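Keep the 3D view open while you read, and look for each part as it comes up.

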Amino acid sequence: METDKSQDELIEMLSDQLAEQFISNLDIMNRIVLMTEKFYDGSHSRFLTEKCEKIGTELGLKDESLTELRIAASLHDLGKVGFSDTLLFKNANEMDLSEFKLYSKHPEIAATILSPNPHYKEISKMILHHHEKLDGTGFPFHFTSDKIHYGAKIISVVNIYHNALFKRKTITSKNKQSIPTTNTVTFLESTKETFNSVMNFLYSKRGTQFEKKVVEALVEIETAERRALGEKTILRLPVNRLEPGMRIAEDYYNGVGMLIAARGETLNSKSISALIRFVENGELPMKVLVID
Ligand SMILES: [Fe+2]
């Protein structure tokens, strides 16, 4: 009997639909995570996604493992959904005992949220272990090196780095920058001391708390990036003149306060098309500040 579609076409169509559903579910979860990031300059999860991918690539991760690492990095703080602003604003060492008890549950909360979908098995593990340390002083399980997922070892280092540099020290409105961004020299100067001290801290703990190769890769990538940034200029360009590889120089929000482009984000053809759509919908100014 002849049907409109061959079995192969049907399978292809169904797997396309599944992939689309997976991507749109991921997008929904990413938007939820953004709600927990109000005390950061830029987007914490997008920064981690980009940086973890660079380190993962440097360390030889490929295909599925790299994709899982990217997803885990983007969702690593999903378990903070529902946390109060007071808790979201504090660093772990500023919390009292009951606050820390709640905070230290966020890796497990995320894993519980993701548990119905078997495709998230490895991703969940990376998230569950992202606050563990090699010497067993992390949480929630106090795992030591061999029990910690390799992806979590990458996320934990980048997480500490981004928190030190981009978590706000005072409560400000979400559109206000605590680090000036209109001038790369000012940005590099104002963050120089913090950058050096967090790099020294991670370096001093490499092999004891943090994976040696991960710390070394981060130091190398970030040092090179800051050097290159010092030689770059900031431009205000119409969105249709943006090119892949350029970086967004300030945060852009839509009318309901959703972060649509985060400072430091590297543009690719997909994100440029999205920005063009935001301009067409009147949610973004015609011209945006980029670092070229
Ligand atoms: Fe976390």
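Predicted model: local features only at pLDDT ≥ 70, side-chain atom pairs only at ≥ 80, totals over all residues.

The chain is assigned two stretches, domain 1 (8–231) and domain 2 (232–292).

**Domains**
- Taken over C-alpha atoms, the centres of domain 1 and domain 2 are separated by 22 Å.

**Helix 2 with helix 3**
- Helix 2 covers residues 44–58 and helix 3 covers residues 63–75; their axes come within 8 Å and cross at roughly 155°.
- Angles over 145 degrees count as roughly antiparallel, and helix 2 and helix 3 are therefore roughly antiparallel to each other.
- The crossing of these two helices is right-handed.
- On the helix 2 side, the contact is made by Ser45, Leu48, Thr49, Cys52, Glu53, Gly56 and Thr57. Helix 3 brings Leu66, Leu69, Arg70, Ala73 and Ser74.
- Sorted by class, this contact of helix 2 with helix 3 has five nonpolar, five polar and two charged residues.

**Helix 2 with helix 10**
- Helix 2 also meets helix 10: their axes come within 10 Å and cross at roughly 115°.
- This crossing, too, is right-handed.
- Lys54, Ile55 and Glu58 of helix 2 make the contact with Val214, Ala217, Leu218 and Ile221 of helix 10.
- The residues of this contact divide into five nonpolar, no polar and two charged.

**Helix 8 with helix 10**
- Helix 8 (residues 150–166) packs with helix 10 (residues 212–230) at an angle of about 45°, and their axes are 9 Å apart.
- Helix 8 and helix 10 are therefore oblique to each other.
- Helix 8 passes helix 10 in a right-handed crossing.
- Which residues meet here? Look for Lys153, Ile154, Val157, Val158 and Tyr161 in helix 8, and for Val214, Val215 and Leu218 in helix 10.
- The contact of helix 8 with helix 10 contains seven nonpolar residues, no polar ones and one charged.
- Val214 and Leu218 of helix 10 are listed in the contact with helix 8 and also in the contact with helix 2.

**Helix 11 and what follows**
- Helix 11 (residues 269–280) has 12 residues, so at 1.5 Å a residue it should span 16 Å. Its end C-alpha atoms are 17 Å apart, which agrees.
- Just after helix 11, Gly282 takes a positive phi of about 75°.

Methods
Residues numbered from 1 in each chain as written. Axes fitted to C-alpha atoms, helices over the stretch in contact; angles between N-to-C directions. Helix = DSSP H or I, 4+ residues; strand = E, 2+ residues; numbered from the N terminus. Parallel < 35°, antiparallel > 145°, perpendicular 65-115°, else oblique. Left-handed = near helix turned anticlockwise from the far one by under 90°. Contact = placed C-beta atoms within 7 Å. Nonpolar A, V, L, I, M, F, W, Y, C, P; charged D, E, K, R; others polar. Expected span 1.5 Å × (residues − 1). Domains from an automatic or database assignment.
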